[in-house]
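Hello,

Here is the structure we discussed handing over. Please look through it alongside the notes that follow.

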Amino acid sequence: MNQKILIIVPACNEQANIQRTIKEIRALPMKLDVIVIDDGSTDLTAQEAKDAGAGVISLPFNLGIGGAVQTGFQFAFEKAVVRDKVRM
């Protein structure tokens, strides 16, 4: 079984820090996918995350840490279910 690891990064108005965070994750000695949940940011967090090579889901307004993380879990779950259906 070929498992992938998805790192979920909730972020709100983290334009100044998100690229460094993604680079630090990518520097780890394993293959990781990174998804940033842009939690209603009013700055360029989403664009900076995309520029750093992360996937991005932008929420239309701030749901808070719980809502952002749940969004990431839902994305991971749906991605895994689709991948499993394709294998069948």
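Predicted model: local features only at pLDDT ≥ 70, side-chain atom pairs only at ≥ 80, totals over all residues.

Ser41 sits in the loop that runs between strand S2 (33-39) and helix H2 (45-51). Its side chain makes a polar contact of 2.5 Å with the side chain of Asp38. A polar atom of the Ser41 side chain also lies 2.7 Å from the backbone nitrogen of Asn13. Leaving out residues up to four places away in sequence, Ser41 touches Ala11, Cys12 and Asn13.

**Ala68**

Ala68 belongs to helix H3 (residues 64-87). Ala68 counts as buried because its relative accessibility is 0%. Setting aside neighbours within four places in sequence, Ala68 is in contact with Pro10, Ile37, Asp39, Leu59 and Leu63.

**Helix H1**

Which residues of helix H1 (residues 18-26) are buried? They are Ile18, Ile22 and Ile25. Viewed down the axis of H1, the buried residues fall within an arc of 60°, so they line one face of the helix. Lys23 and Glu24, on the other side of H1, are exposed. The cover over the buried residues of H1 includes strand S1 (6-11), S2 and H2.

Regards

Technical notes: Residues numbered from 1 in each chain as written. Heavy atoms only, no water. Helix = DSSP H or I, 4+ residues; strand = E, 2+ residues; numbered from the N terminus. Polar contact = N/O pair within 3.5 Å; in protein donor to acceptor, adjacent residues only side chain to side chain. Contact = heavy atoms within 4.5 Å. Buried < 20%, exposed > 50% of the residue type's maximum accessible area, 1.4 Å probe, protein only. Arc of directions from axis to C-beta.
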